[in-house]
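User: I'm new to this one. Can you walk me through it, piece by piece?

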Amino acid sequence: MNSGGDSDTTGNDTTGNGNGNGNGNGNGNGNGNGNGNNMTVAPPPTGVLTDVAPGLARILCPNPSPFTLHGTWTYVIGDLARADAGLAVVDPGPADEGHIAALLDAVPAERITHVIITHTHRDHSPGAAILERHTRAPTLALGPHGMGRTLVDDDFVIGADADFIPDRVLADGETIAGDGWSLECLHTPGHAANHLCMANPDAGWLLVGDHLMAWSTTIISPPDGHLGDFLASCQRIRARPERTLWPAHGDPIHDKETLIDKLVAHREQRLQAILDAVAAGNPGIEALVQVVYRDIDARMYPAAARSLLASIIYLEDQGRLRRHCTDGQVSWSTAN
C-alpha cells in the first residue's frame with residue numbers, strides 16, 4: 001500500500017516513530033522518538049524546483065495527507081545549469097496535471113532522458129503516464145507491481161499502481177548513466193516488492209523512496225510488503241557509504257545509522273508487544289490492533305492492521321507464532 005492523494009491509501013506505518021520533532025501530521029500519529037533528523041516545521045512550497053545537492057534537485061507535489069506529509073518529492077538528476085545536458089526524473093508522482101506542468105516549466109521536456117520509478121504506488125508512478133505525453137524518455141523500474149508475483153490479497157490494490165509497466169526493467173546493481181551523472185540501482189524490497197533505491201556514491205547521496213523517512217516509519221502491507229525483506233534492506237542501506245538519504249516524503253536524513261537503529265528497535269518493540277498480547281489472550285487481528293496500537297487514532301486502525309499482519313507473518317516465519325483457522329476464523333498462539 002502507499003500514500004497518495006487518497007486518505008485511505010497509506011505508504012507509511014501508522015505507528016510512526018516520528019524521528020523528528022515528534023508532532024507531525026505524518027504517516028500515523030507522528031509520535032516521534034527523535035533521532036536528530038529535524039522535520040520541516042513549515043510546509044515547503046509546492047511547484048518550485050530547488051537544488052538540494054550536487055546533481056540533485058527536487059520539486060514538491062501538492063498531495064499532502066496524513067500518509068505523505070507535505071506531499072511527494074519528485075527528484076531531478078543531472079546538471080541543470082547546462083542547457084544541453086540530459087536529465088532524469090525520479091517519481092513523477094500521482095496523476096496530477098498541475099504538478100507535471102510545474103515540473104516541465106522548470107525542466108524543458110526535451111532535456112528529460114530518463115523517467116525512473118522507485119516503486120509502483122499511486123503517489124509515485126501514475127504521473128509517468130502524463131509526463132510521457134510530453135517527452136519521449138523511457139520509464140525505468142525494477143518491474144511492474146508485485147514483480148510478477150500473484151498477489152491474492154484484495155487489499156493490496158488500495159495503493160497499488162497496477163497499470164504501470166516500465167519500458168525498461170532494471171536489475172539490482174545496475175548502473176544508469178546520463179550526461180555527467182550515474183546512479184547505482186539497489187533493490188530494497190520491504191515496503192514494496194519492486195522498491196528501488198538509487199545511489200550516487202561520488203556525490204554522497206542516496207534516493208530512498210518510501211523505504212526510510214525522517215519523520216515516520218513505513219507501512220509494510222502484505223503480500224507485496226514483507227517485514228523480513230524490509231529489515232534486510234535497512235541493513236543494506238546502513239552499510240552503504242552515502243551519508244545523506246533523500247526520501248520521497250519529508251526532509252533528508254543525515255544520520256542514517258541512528259535512524260535505522262531506532263527504527264529496528266521500534267519494530268522489535270512492536271513484535272514483542274504482539275507476542276505479549278497474543279499470550280495474554282488476544283488471538284485475532286481486531287483484538288490485537290486495539291491492544292498493540294492503542295496509542296494511535298482509531299481511524300488509523302485499518303492501516304495499522306496491515307502493518308500488524310506483516311509483523312505476524314514475520315513472527316510466523318521465525319517460528320514464534322502459530323496460525324490457527326477454526327470455522328473460517330484465523331487466530332494465533334505463541335509457539336512456546
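User: Which residue stands opposite L87 in β5?
Analyst: L87 faces I112 there. Keep in mind that this is a predicted model.

User: In what sense do β4 and β5 pair, parallel or antiparallel?
Analyst: Parallel. Strand β4 covers residues 87-90 and strand β5 covers residues 112-116, and four bridges link them.

User: What is the strand order in the sheet they belong to?
Analyst: The order is β1-β2-β3-β4-β5-β6-β7. That is an open sheet of seven strands with mixed pairing.

User: Which strands stand at the edges?
Analyst: β1 (50-53) and β7 (168-169). Each has a single partner strand, so one side of each has no neighbour in the sheet.

User: Which strands does α1 lie across?
Analyst: Helix α1, residues 97-106, lies across β2 (56-60), β3 (73-77), β4 and β5. Its direction is at about 145 degrees to β2.

User: Where is D91 found?
Analyst: In the loop between β4 and α1. D91 is not a glycine, yet its phi is positive, about 60 degrees.

User: On to the other open sheet. What is the order of its five strands?
Analyst: β8-β9-β10-β11-β12, again with mixed pairing. The edge strands are β8 (175-178) and β12 (244-247), and each pairs on one side only. From one strand to the next, the twist averages 25 degrees.

User: How many bridges join β9 to β10?
Analyst: Four. Strand β9 (residues 181-187) and strand β10 (residues 196-200) run antiparallel. L186 has C197 of β10 opposite.

User: How many aromatic pairs does the count come to?
Analyst: One aromatic pair. Y75 and W246 form that pair, and it is edge-to-face. The rings are 6.4 Å centre to centre, with 70 degrees between the planes.

User: Which strands do Y75 and W246 lie in?
Analyst: Y75 is in strand β3 and W246 is in strand β12. So the pair ties together parts that are 171 residues apart in sequence.

User: Switching to helices. At what angle do α4 and α5 pack?
Analyst: About 125 degrees, with the axes 10 Å apart. Helix α4 takes in residues 256-279. The two helices are therefore oblique to each other. The crossing of α4 past α5 is right-handed.

User: Which residues make that contact?
Analyst: R270, A273, I274, A277 and V278 come from α4. L288, V291 and V292 come from α5. By class, the contact of α4 with α5 has seven nonpolar residues, no polar ones and one charged.

User: At what angle do α5 and α6 cross?
Analyst: Roughly 105 degrees, and their axes come within 10 Å. Helix α5 is residues 285-292 and helix α6 is residues 301-317. That angle makes α5 roughly perpendicular to α6.

User: Which residues meet there?
Analyst: On α5, I285, L288, V289 and Q290. On α6, Y301, A304, A305, L308 and I312. The contact of α5 with α6 has eight nonpolar residues, one polar and no charged.

User: How far apart are the axes of α3 and α6?
Analyst: They are 8 Å apart, and the packing angle is about 90 degrees. Helix α3 spans residues 227-238. So α3 is roughly perpendicular to α6.

User: Which residues make the contact between α3 and α6?
Analyst: L227, G228 and L231 of α3, with A310, S311 and Y314 of α6. By class, the contact has four nonpolar, two polar and no charged residues.

User: Which is it for the peptide bond from P222 to P223, cis or trans?
Analyst: That bond is cis, with omega near 5 degrees. P223 is in the loop between β11 (205-209) and α3.

User: Last topic, the β13 and β14 hairpin. How many residues are between the strands?
Analyst: Two. D327 in this hairpin takes a positive phi near 50 degrees.

User: How many bridges pair β13 with β14?
Analyst: Six, in the antiparallel sense. Strand β13 is residues 321-326 and strand β14 is residues 329-334. R322 stands opposite S333 in β14.

Notes: Residues numbered from 1 in each chain as written. Predicted model: local features only at pLDDT ≥ 70, side-chain atom pairs only at ≥ 80, totals over all residues. Heavy atoms only, no water. Pairing = 2+ DSSP bridges. Contact = heavy atoms within 4.5 Å. Axes fitted to C-alpha atoms, helices over the stretch in contact; angles between N-to-C directions. Parallel < 35°, antiparallel > 145°, perpendicular 65-115°, else oblique. Nonpolar A, V, L, I, M, F, W, Y, C, P; charged D, E, K, R; others polar. Left-handed = near helix turned anticlockwise from the far one by under 90°. Phe/Tyr/Trp six-rings, centres within 6.5 Å; stacked < 30°, edge-to-face > 60°.
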